[in-house]
Amino acid sequence: MLEKVFKLKENHTNVKTEIVAGLTTFMTMAYIIALNPNLLTNFGAEGTELWNGVFMATCIASAIGMFVMAFAANKPFAMAPGMGLNSFFAVVVTNIVALTGMTYLESFQSALCIILIEGIVFIALSLLNVREKIVDAIPLGVRLGISPAIGMMLMNIGFGSNAGVYSENGGPFYAMRDFFGALSPSIAQTSMGSGYSVMVLQVVTMFVGLFVIIVLAQKGVKAAVIIGMLVASIIYWAGQALFLGTNPFAGLSGASFVPPFADMAKTTLFKLNFDGFVQIGWFTVITLIVTFCVIDMFDTIGTLVGTASRAGMLDKDGKMTKMKEALLADAVGTVAGSATGTSTVTTFIESASGVEAGGRTGLTALTTGIMFLACMFLAPIAAIIPAAATSSALIYVGVLMITGLKNINFDDNSQSVPVALMLISMPVSGSIGHAIGIGLIAYTVIKLFTGKAKDVSVLTMVLSLIFLVKFFLAV
């Protein structure tokens, strides 16, 4: 049955490989299950009930998006509430509180209406093939540069911001900035205080895990990424117990494994506050919807194209089969998120780890989706995966994705300049969509002012103009 549904042989894969790939993807993105409710509720400051509601919504909406990806598109890409978009959503909720005087919960429920409209717009645009046409409008050079740029972003997350350390001296402190970036170990130790020992353990964990993955991958082991993450996790847990004197499994003591359905039903499930939504003002509402749509559209497009490129799923023109269905998955996930209680659902760049583990079909996405649903019962277990172990996988996959630079024609400035700008802007801005926008603008300007305007499609010009408006007028 699985063969018939997912066409495993046709995609040169098997059930074992797909399940391992799905588990690998899950392990690299499991952090979102706890981080998303933290971000949307001010790290629990808005009450346990809302936190539990967003936690449940994160698991359910992500799984729904992945199931659509699995069965409609048969692609190995995972979905969850997008990083960056969730932070923006939290800011919007806070602004609604200030603008209307409503409580945080009422404002949260009003903001969910914006997510609902965004999701419905995306479903319509996907069914009408508009989003697919937008993908096609992205010049080939820019499209080929998305994968290496995402690789740089993954490495930046892995080295720079995935494993922050806090101490009595403040924080967060990061490996590249505060450990390797320090002039000497003594300066690093002084600046980080008691956090220095934790940082050393994280750096050791990260590199051991990375090289375990590299060695196993070099030997052709399909499960190299997940094994490397497990080895890194064991090292980190042992280091906590032996050198830091802390219990790595303390969070499991007394933890509840009962899903908080009642809290979700009380706070977020179908709690769309249309009365509060009207109070925001139509101009503000339209501006917010456009902003969410633009960011989400290009983040998803960038992730799909970049990860598919690494997996060899693009044809010679840089196009992916069933792009329409893949784009529909994040739209459905977003509508599900608005109904259950979370911000925009989008395709995650951590999907690249599962692709590197051999995932080629929707069975990978299905496996990851099932794990997300299981986390409604097993969240405390998912939470003990150390960030340093995740960093090992992200850095390795990032390195592999950078190799896509070999497909860029560096003798052509209309290709090399947009790609170079994307390579730096994506990790610095933390936004795939913004980096694509910068690449499109650069491509359009170069072509227009070198007498090659006919090479630029009307849609590409329109997209470049939209990004210019967004960047300079803060739309």
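Reader: Let's start with D178. Is D178 buried or exposed?

Author: The cut-off for buried is under 20% relative accessible area. D178 comes out at 13%, so it counts as buried. Keep in mind that this is a predicted model.

Reader: Which residue does the side chain of D178 meet in a salt bridge?

Author: Here's the general idea: side chains of opposite charge can pair when their charged atoms come close. In this case the partner of D178 is R177, at 2.9 Å from N to O.

Reader: How many salt bridges does the structure hold?

Author: There are 4. One of them joins D330 and R131, whose closest N and O atoms are 3.0 Å apart. D330 sits in helix α16 (residues 323-340) and R131 in helix α7 (residues 130-137), so this pair ties together parts that are 199 residues apart in sequence. Both D330 and R131 are buried.

Reader: What else does R131 do, say with a ring?

Author: R131 lies over the face of F122, 4.1 Å from the ring centre.

Reader: On to the rings. How many aromatic pairs are there?

Author: The structure holds 14 aromatic pairs. Take F26 and F372: their centres are 5.9 Å apart and their planes make an angle of 80 degrees, which makes the pair edge-to-face because planes over 60 degrees apart count that way. The pair links distant parts of the chain, with F26 in helix α2 (residues 15-29) and F372 in helix α18, 346 residues apart. Both are buried: F26 has a relative accessible area of 6%, and F372 has 0%.

Reader: Which residues do ring pairs link into a cluster?

Author: That would be F159, F179, F180, Y196, F207 and F211.

Reader: Last one: why is helix α3 called largely enclosed?

Author: Count its buried residues. In α3 (residues 31-40), 7 of the 10 residues are buried, so the rest of the structure largely encloses this helix. Among them are I32, N36 and L40. Just after α3, N42 takes a positive phi of about 55 degrees.

Terms used
Residues are numbered from 1 along each chain as its sequence is written. This is a predicted model: local features need pLDDT of at least 70, side-chain atom pairs count only at pLDDT 80 or more; totals for chains, interfaces and linings use all residues. Side-chain values use heavy atoms; hydrogens and water are left out. Rings of Phe, Tyr and Trp (its six-membered ring) pair if their centres lie within 6.5 Å; planes under 30 degrees apart count as stacked, over 60 as edge-to-face and the rest as tilted. Helices (H or I, at least four residues) and strands (E, at least two) are DSSP runs, numbered from the N terminus. Buried means under 20% relative accessible area, exposed over 50%, partly exposed in between (1.4 Å probe, protein chains only). A charge sits over a ring if NZ of Lys or CZ of Arg is within 6 Å of the ring centre and within 35 degrees of the ring normal.
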